[in-house]
Amino acid sequence: EKMELIKNGVDFELFQTSYAIPDDMVPIPRPIIGFGGKLSHLLDYELYNKCLEAHPDKSFVIVGQKLNEEVFNKINKTNNFFYLGDKHYSQYPSYVTHFDVGIIPYVNNHLDSGADSIKAYEYLAAGLSSLGTKGAGMSDLSEHMLVADNDQDFIQKIDKALDQKNVITLPESHSWKFKTHYLVHLFA
């Protein structure tokens, strides 16, 4: 009868720490349009390929585990594509904090309802200008990040995301600490 939804959160300190740029990112030309996440059926590889083609002057970097080899194989391995492999979560923030834009090019389907992509919170906690597709709960964060309606909109908003100079401020209510205190309060 009484139900409370507690969405994902983020460890602000982890993503607001200053890290040295990882060695394997040093030679990659800027700007870096980054995706930090698992390569699975959720990644819209067709949209990703359109972005690679439409923005040859930008580097597209993926940091994450290959859960679906077929999806990875369908990504065009252009000169502006860089797959840096799976990184331990203790190293992951040092990659994300050196992206110029964080993207979440997910398939736009049933994920509109109930999904909540944690990488959006990580990007935003790092102060990144962020861009996602409508699925995976991105619309709920639209006051903090850009959300694209379709492929063409996503491709065009990459430049808009790069042009955003303001630091993104995600409210503290999105921290794991806040969510933990709230959960404890619910059980009290």
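Q: Is Ile6 buried, partly exposed or exposed in this model?
A: This is a predicted model, and in it Ile6 sits in the segment before helix 1. Buried would need a relative accessible area under 20%, and exposed would need one over 50%. Ile6 has 32% relative accessibility, so it counts as partly exposed.

Q: Which residues is Ile6 in contact with, leaving aside its neighbours within four places in sequence?
A: Gly34 is 28 residues from Ile6 in sequence, and the two are 27 Å apart in space, C-alpha to C-alpha. For contact, heavy atoms have to be within 4.5 Å. With neighbours within four places left aside, the contacts of Ile6 are Lys179, Tyr182, Leu183 and Leu186.

Q: What pattern of helices and strands does the chain follow along the sequence?
A: The chain is built with seven helices and six strands. Reading along the sequence gives the order in which they come: α-β-α-β-α-β-α-β-α-β-β-α-α.

Q: What is the radius of gyration of the chain, and what would a compact globule have?
A: The C-alpha trace spans about 55 × 35 × 30 Å along its principal axes. For 188 residues, a compact globule would have a radius of gyration near 16 Å. The value for the chain agrees with this, at 16 Å.

Q: What share of the contacts with a separation of 6 or more comes from residues 24 or more positions apart?
A: Of the 188 residues in the chain, 47% count as buried. Among contacts with a separation of 6 or more, residues 24 or more positions apart account for 73%.

Q: How far apart do the centres of the positive and negative side chains lie?
A: The accessible surface comes to about 10,000 Å², with 51% of it belonging to carbon and sulfur atoms. As for charge, the chain has 17 positive and 25 negative side chains. The distance between the centres of these two sets is 0 Å.

Q: How many aromatic pairs are there?
A: Rings pair if their centres lie within 6.5 Å. By this rule, the number of aromatic pairs is nine.

Q: Why does the pair of Phe15 and Tyr92 tie together separate parts of the sequence, and how many residues apart are they?
A: Phe15 and Tyr92 form an edge-to-face pair, with 6.1 Å from centre to centre and 80° between the planes. Phe15 is buried at 1% relative accessibility, and Tyr92 is buried at 8%. Phe15 lies in helix 1 and Tyr92 in helix 4, so the parts that the pair ties together are apart in sequence by 77 residues.

Q: What angle lies between the planes of Phe35 and Tyr106?
A: Phe35 and Tyr106 are both buried. Their ring centres are 6.2 Å apart, and the pair counts as edge-to-face, with an angle between the planes of 70°.

Q: Is the peptide bond from Arg30 to Pro31 cis or trans?
A: Pro31 lies in the loop between helix 1 and strand 1. The bond from Arg30 to Pro31 has omega near 5°, and it is cis.

Q: Is Ser59 buried or exposed?
A: Ser59 is found in strand 2. Leaving aside neighbours within four places, its contacts include Pro31, Ile32 and Phe82. Its relative accessibility is 4%, so Ser59 counts as buried.

Q: How far apart in space are Ser142 and Leu131, C-alpha to C-alpha?
A: Ser142 lies in the loop between strand 5 and strand 6. With a relative accessible area of 45%, Ser142 is partly exposed. It is eleven residues from Leu131 in sequence, and the C-alpha distance between them is 9.3 Å.

Note on methods. Residues are numbered from 1 along each chain as its sequence is written. Side-chain values use heavy atoms; hydrogens and water are left out. Helices (H or I, at least four residues) and strands (E, at least two) are DSSP runs, numbered from the N terminus. The radius of gyration is taken over C-alpha atoms; the globule rule is 2.2 Å times the number of residues to the power 0.38. Buried means under 20% relative accessible area, exposed over 50%, partly exposed in between (1.4 Å probe, protein chains only). Accessible areas come from the Shrake-Rupley method with a 1.4 Å probe; for residues, only the protein chains shown count as cover. Lys and Arg count as positive and Asp and Glu as negative; His and the chain ends are not counted. The place of a charge is taken as NZ of Lys, CZ of Arg, CG of Asp or CD of Glu. Rings of Phe, Tyr and Trp (its six-membered ring) pair if their centres lie within 6.5 Å; planes under 30 degrees apart count as stacked, over 60 as edge-to-face and the rest as tilted.
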